[in-house]
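Please look through this model with me.

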Amino acid sequence: MAPCGLGSSLSLVLWAAALLFVLSVGRGLALPEICTQCPGSVQDLSEVALYCKRTPELTLRARCCLNGEGTILGLDLQNCSLKDPGPNFPQAHTAIIIDLQANPLQGDLVNTFHGFTQLQTLILPQDVNCPGGINAWDTITFYINNQSCEGQRNICNSTEDPEICPENGSCVPDGPGLLQCVCADGFHGYKCMRQGSFPLFMFFGILGSTTLSISILLWGTQRRKAKAS
């Protein structure tokens, strides 16, 4: 017969393992807020649903198509009465297909898609322009109730300005019609003109000491006020 202490320890270990498993499952089941921004689920015949069902590893949950790691590959927010995609929209920057049709969207959507470099299909209301225009997509097709922007182009390859980035920087896409200049290894700062690595330790050291000094000053001021009252 095993000693009582050993049995208790084993039970505690098993209990802790079970708790960790439950917590990990809970985290895995958690949906990004953008997936539940609009009530209901993806319609069976929507483009997002059809895309998701073509790959067995993908699953439809609420308004999103997710892979096994919970990454958003499809987002369907059609008919959600949206005037703009909302603050949680960047959570879907990994999406390959997004449907925003049947929404009263207002304003220019160009800056809305910063970082959406994987996007290949975007379905919009007919009166809303594809972000970046015709230069940002291989095909723009108009239908009776919507329009489809297909095949995001690498704007860095189509720009006519060879000097759009500084000498020590390179152009990388940043979404439909968007680009950014990234400094080459060993360069940083304005126009990538500073050579050498960025002084992280010095930067955070100065930031930390400044924050600490301000905190001590505010604490002392509040303490004097409290004593005076």
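1. The side chain of Asp76 reaches the backbone nitrogen of Gln78 at 3.1 Å.

2. A word on the source. This is a predicted model, where local features need pLDDT of at least 70, side-chain atom pairs count only at pLDDT 80 or more, and totals for chains, interfaces and linings use all residues. Residues are numbered from 1 along each chain as its sequence is written, and side-chain values use heavy atoms, with hydrogens and water left out.

3. Is Asp76 buried or exposed? Asp76 counts as buried because its relative accessibility is 1%. Buried means under 20% relative accessible area, exposed over 50%, and partly exposed in between (1.4 Å probe, protein chains only). Leaving aside neighbours within four places in sequence, Asp76 is in contact (heavy atoms within 4.5 Å) with Val42, Ser46, Val48, Arg63 and Asp99.

4. Asp76 also forms a salt bridge with Arg63, with the closest N and O atoms 3.9 Å apart. Asp76 lies in strand β3 (residues 72-76) and Arg63 in the loop between β1 (59-61) and β2 (64-66), so the pair ties together parts 13 residues apart in sequence. Arg63 is buried, as is Asp76. A salt bridge is a side-chain nitrogen of Lys or Arg within 4 Å of a carboxyl oxygen of Asp or Glu. Helices (H or I, at least four residues) and strands (E, at least two) are DSSP runs, numbered from the N terminus.

5. Now the strand itself. In β3, 5 of 5 residues are buried. β2 and β3 run antiparallel, joined by 3 bridges; two strands pair if DSSP finds at least two bridges between them. Leu66 stands opposite Ile72 in β3. The two strands, β2 and β3, form a hairpin with 5 residues between them. Gly70, in the turn, has a positive phi of about 85°. β3 also pairs with β4 (residues 97-99), in the parallel sense, over 3 bridges. There, Gly74 stands opposite Ile97.

6. How many salt bridges does the structure hold? The count is 3. One of them joins Asp44 and Lys53 at 3.8 Å. Asp44 counts as exposed, because its relative accessibility is 53%.

Terms used
A polar contact is a pair of N or O atoms within 3.5 Å; within protein, one must be able to donate a hydrogen and the other to accept it, and residues adjacent in sequence count only if both atoms are side-chain atoms.
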